[in-house]
4 protein chains.
Amino acid sequence: MSQRHVLVTGFEPFGIDLVNPSQELAKAVEGRRIGDLVVRSLVLPVQHEAARARVLPALEEPGLEAILHLGLAGGRARIALEQVAVNVMDYPIPDARGDVLRGRPCRAGGLPAHLCTLPLPEILAALTAEGVPAYISYTAGTYLCNYTLYTTLDELAARAFPVRAGFVHLPFLPAMVAAHGLDEPSMDVNVMLRALEIALRVVAEA
Amino acid sequence: MSQRHVLVTGFEPFGIDLVNPSQELAKAVEGRRIGDLVVRSLVLPVQHEAARARVLPALEEPGLEAILHLGLAGGRARIALEQVAVNVMDYPIPDARGDVLRGRPCRAGGLPAHLCTLPLPEILAALTAEGVPAYISYTAGTYLCNYTLYTTLDELAARAFPVRAGFVHLPFLPAMVAAHGLDEPSMDVNVMLRALEIALRVVAEA
Amino acid sequence: MSQRHVLVTGFEPFGIDLVNPSQELAKAVEGRRIGDLVVRSLVLPVQHEAARARVLPALEEPGLEAILHLGLAGGRARIALEQVAVNVMDYPIPDARGDVLRGRPCRAGGLPAHLCTLPLPEILAALTAEGVPAYISYTAGTYLCNYTLYTTLDELAARAFPVRAGFVHLPFLPAMVAAHGLDEPSMDVNVMLRALEIALRVVAEA
Amino acid sequence: MSQRHVLVTGFEPFGIDLVNPSQELAKAVEGRRIGDLVVRSLVLPVQHEAARARVLPALEEPGLEAILHLGLAGGRARIALEQVAVNVMDYPIPDARGDVLRGRPCRAGGLPAHLCTLPLPEILAALTAEGVPAYISYTAGTYLCNYTLYTTLDELAARAFPVRAGFVHLPFLPAMVAAHGLDEPSMDVNVMLRALEIALRVVAEA
């Protein structure tokens with residue numbers, strides 16, 4: 001019998017950074033039991049077609065109950081629970097393959113947007129109650145993070161079974177801010193990990 | 001024989017907050033040995049005359065080698081190493097005694113400002129090397145934090161022996177941001193504590 | 001014969017403010033000729049059903065060629081060209097009628113979002129060329145501004161004729177920032193008016 | 001008989017910018033009468049020794065009643081009335097001569113800081129009353145702007161006659177933000193000019 005599981009994804013490091021907190025977190029929870037669910041984790045490459053090719057088979061796995069994508073959003077001060085994935089790719093900064101995309105849809109002919117299907121208000125309430133700074137965000141940007149959420153929700157929307165999916169954006173790690181001399185907010189990886197555990201618990205109980 | 005020591009001070013919680021990271025940190029390092037020095041800690045009330053009355057006797061203690069004042073600076077994203085204490089008190093928000101002070105000097109007839117005497121570039125370099133976000137700040141505000149640094153440097157400047165002193169401003173704790181629903185940066189208390197340990201090590205070695 | 005026209009809307013002042021730059025701008029361009037088009041302007045009340053009742057008849061007017069909604073987005077530093085209207089109403093702060101809405105759709109059963117149909121990249125290029133700070137935004141918030149854009153695009157999407165519509169968010173006026181003692185960006189009404197004229201010119205030529 | 005005058009200085013454009021609002025403003029008010037005073041203006045080069053060489057002779061001019069230095073502080077949202085000039089030069093970015101200075105005093109052996117001698121609370125009140133966003137700032141940075149204010153106050157402090165002097169920092173111009181694609185606040189030159197006129201009127205009446 002197939003194991004009931006929640007999929008947690010992160011991204012590989014990008015640009016000059018040697019770490020990516022989303023990858024660290026995804027690996028950190030791999031194999032954990034959350035209520036009745038087991039966590040499976042997946043690290044995605046920083047290129048949209050390659051990321052899609054890695055995500056789609058995981059959506060076919062029997063026993064999949066929920067999906068939580070993680071990604072870095074440098075400059076944000078709090079954990080961002082993304083409510084919306086928009087059918088737009090627009091990134092002036094080249095991705096890991098060197099591509100620059102301007103004003104392209106994630107899927108030609110797709111809906112203008114998909115709404116996240118995780119219980120974000122409940123996750124937000126649980127995070128706030130445990131002292132983790134978080135908010136519900138209405139833009140996941142127009143880069144790979146938004147693309148990944150759009151693609152997952154778009155795939156799932158066409159199916160009969162109700163797998164819930166969402167995306168959580170993470171602030172910089174303190175060491176990233178220190179290394180780059182930025183005047184930007186950061187969040188300790190332990191606070192992020194607590195946030196992930198809380199979110200997964202709410203998802204598992206929902 | 002009097003014990004060679006470094007004095008670390010924090011402030012009591014203020015307003016609606018039940019905790020103050022500066023108090024937590026000051027208590028956390030009390031009694032520790034850093035190189036040849038022992039840490040003594042002191043918690044100050046949130047009123048300038050009362051704080052002064054608590055600090056001045058500690059400056060007379062035999063064996064005092066250095067002073068590190070800690071305080072909260074909500075809204076800052078990084079550990080702030082304060083370079084300047086200015087001879088101004090200006091706070092529109094009432095302090096713990098209900099006083100509002102506008103455009104008053106810290107000490108009438110005092111120098112316009114004092115410069116911090118701790119090795120801030122060395123502390124900054126050590127923090128950055130260990131991945132803690134920090135910077136050298138040129139304004140400690142015009143509230144109690146600035147007053148405390150001014151008062152300490154002003155007292156010490158009149159003396160013959162060279163006790164070094166400085167002030168470190170701390171970001172909000174994550175739980176403060178969560179509780180108040182603020183879109184502001186925060187820093188985990190463990191990152192702050194690491195910062196304090198690093199700063200004390202540099203001070204002890206200098 | 002019906003006159004070919006572009007509709008520009010603004011909102012009434014809200015809360016403690018006695019002015020709203022969106023209202024000022026809408027009135028300032030009323031009756032102007034932009035290429036072949038005449039500008040008609042409309043001021044909307046700060047309550048979603050009342051605003052909707054004011055907008056819908058204007059969408060029926062013969063000769064309507066394009067719609068540009070204007071609204072205030074305090075805290076933004078630049079003119080924001082809104083790309084997305086999401087099917088969500090979520091405002092914790094009571095509107096002009098005292099209503100608080102949490103997590104409600106703009107239209108039950110409506111699409112998750114609509115994309116703005118004005119040529120935003122061309123408008124952005126024209127604004128930038130003339131020295132007006134602007135950007136394409138992917139969230140119009142979850143308040144009345146987003147609701148108005150969603151409602152207009154939703155109505156128009158059901159029709160055969162292609163009326164283009166969009167929303168432009170404006171920063172605070174300098175006097176609003178001064179009056180409220182905020183540390184927030186602002187923009188002079190003359191810069192905003194220039195931005196509106198440039199945007200209308202691009203719309204008229206498109 | 002020597003003409004009673006107020007000196008207004010600005011800086012030349014720096015780096016990739018072709019304009020500097022401080023220069024524009026200084027030129028715009030040249031020769032104006034404000035109460036009993038005439039405005040003389042001076043544009044300073046972006047190198048500290050050259051700027052000093054240009055300022056010092058102007059301080060010797062008979063009839064000098066007050067000095068208002070102007071400079072750009074990109075990133076600030078409001079007109080900043082500088083209260084403090086600190087005896088520190090620290091700029092990692094090369095100046096117009098290519099120099100990088102770290103942790104140097106403006107004047108070796110000089111006071112740690114000087115306080116501005118213009119009536120800043122009165123200027124702030126007048127600006128606020130006329131709807132211009134402004135605040136009193138307690139750090140003028142550690143670059144040429146701070147150096148210029150320190151040097152002027154330091155020179156004047158040694159003299160018997162009471163010439164008042166201060167520094168006003170200006171936000172980016174809108175065209176600078178647009179040209180560089182920055183997400184930063186800006187202020188229209190007409191708002192800045194109004195601010196300067198208001199400040200000069202208060203200075204002339206004081």
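Contact here means heavy atoms within 4.5 Å. This is a predicted model, in which local features need pLDDT of at least 70, side-chain atom pairs count only at pLDDT 80 or more, and totals for chains, interfaces and linings use all residues. Side-chain values use heavy atoms, without hydrogens and water, residues are numbered from 1 along each chain as its sequence is written, and chains are lettered from A in the order in which they are written.

**View 1. Where chain B meets chain A.** Let's start with the contact: chain B and chain A each bring 18 residues to it. Together they bury about 1400 Å², with 59% of that on carbon and sulfur atoms; buried area is the accessible area (1.4 Å probe) that two parts lose on being put together, summed over both. On the side of chain B, the residues losing the most area to chain A are R78(B), P133(B) and A178(B), together 29% of what that side buries.

View 2. Rotating by 180 degrees, with 0.0 Å of shift along the axis, superposes chain B on chain A with an RMSD of 0.0 Å (least squares on the C-alpha atoms of residues with pLDDT of at least 70 in both). That is the relation of a two-fold axis. In chain B, P185(B) has the C-alpha nearest the axis, 2.5 Å from it.

**View 3. A salt bridge up close.** Look for D183(B) and R78(A), which form a salt bridge with their closest N and O atoms 3.5 Å apart. The term stands for a side-chain nitrogen of Lys or Arg within 4 Å of a carboxyl oxygen of Asp or Glu. Between chain B and chain A the count is 2 salt bridges.
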